[in-house]
Amino acid sequence: QVQLVESGGGLVQAGGSLRLSCSASGRTFSTYAMGWFRQAPGKEREFVAGIIWSDGRTYYADSVKGRFTVSRDNAKNTVYLQMNSLKPEDTAVYYCAVQRRVGPTYDYWGQGTQVTVSS
């Protein structure tokens, strides 16, 4: 089992920045990748960004490219999401998740942290 705890959400004005953190504990040695997702009210959960744990390769949804940066600290078993130039449409609950192997499935999820961007 892997336990994930997100933090860093909050209320920010459009154009501002936030940094989310996700700390992992438990059987973290089995991690292939970690991802960030978000879900806005009335919408489906969507992928935001991901990072391959072993080599740090990153990938992003088109909607956040150039504004968001995902990074990791292997020693702390923590992944970060730096969010710049925030827009009201970025308002959502943000979740981190662990992927144990290549494929479409994420195996463990955090409880989420609310990000609200005011216009």
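Reply: Let's start with S85, which counts as partly exposed because its relative accessibility is 40%, between the cut-offs of 20% and 50%. Please keep in mind that this is a predicted model. You will find S85 in the loop between β8 and β9. Its backbone has a positive phi of about 50 degrees, although S85 is not a glycine.

N77 sits in the loop between β7 (68-73) and β8, and it is partly exposed, with a relative accessible area of 23%.

Now go back to the loop between β8 (78-83) and β9 (92-99), where D90 is found. D90 is buried, since its relative accessible area is 1%, and buried means under 20%. What does D90 pair with? Its side chain meets that of R38 in a salt bridge, 2.9 Å from N to O. In general, side chains of opposite charge can pair when their charged atoms come close.

R38 has a further partner, E46, with a salt bridge of 2.6 Å from N to O between their side chains. Is each of these two buried or exposed? R38 is buried, at a relative accessible area of 5%, whereas E46 is partly exposed, at 35%.

For another pair, look at K65 and D62. They form a salt bridge in which the closest N and O atoms are 3.2 Å apart. K65 is partly exposed, with a relative accessible area of 49%, while D62 counts as exposed because its 65% is over the 50% cut-off. Salt bridges that share partners join R38, E46, R67 and D90 into one network. The count for the model comes to 6 salt bridges, taking a Lys or Arg side-chain nitrogen within 4 Å of an Asp or Glu carboxyl oxygen.

D62 also gives us a way to step across the model. The C-alpha atoms of D62 and G110 are separated by 23 Å, and the two residues are 48 apart along the chain. G110 lies in the loop between β10 (108-109) and β11 (113-118) and is buried, with a relative accessible area of 11%. Apart from residues up to four places away in sequence, G110 touches L4, E6, Y95 and C96.

One of those, L4, leads us to the nonpolar core. The largest nonpolar core has 29 residues, and L4, W36, L81, M83 and Y94 are the ones with the most contacts inside it. Strands β1 (2-7), β3 (18-26), β4, β5 (46-52), β7, β8, β9 and β11 each supply at least two residues of this core. As a general point, nonpolar side chains tend to be buried together in soluble globular proteins.

Let's finish on L81. Which residues does L81 contact, leaving aside neighbours within four places in sequence? They are L18, R19, L20, W36, V48, A49, F68, T69, V70 and Y94. Two of these, W36 and Y94, are also among the core residues with the most contacts.

Definitions and conventions. Residues are numbered from 1 along each chain as its sequence is written. This is a predicted model: local features need pLDDT of at least 70, side-chain atom pairs count only at pLDDT 80 or more; totals for chains, interfaces and linings use all residues. Side-chain values use heavy atoms; hydrogens and water are left out. Buried means under 20% relative accessible area, exposed over 50%, partly exposed in between (1.4 Å probe, protein chains only). Helices (H or I, at least four residues) and strands (E, at least two) are DSSP runs, numbered from the N terminus. Contact means heavy atoms within 4.5 Å. A nonpolar core is a set of buried Ala, Val, Leu, Ile, Met, Phe, Trp, Tyr and Cys residues joined through side-chain atoms within 4.5 Å.
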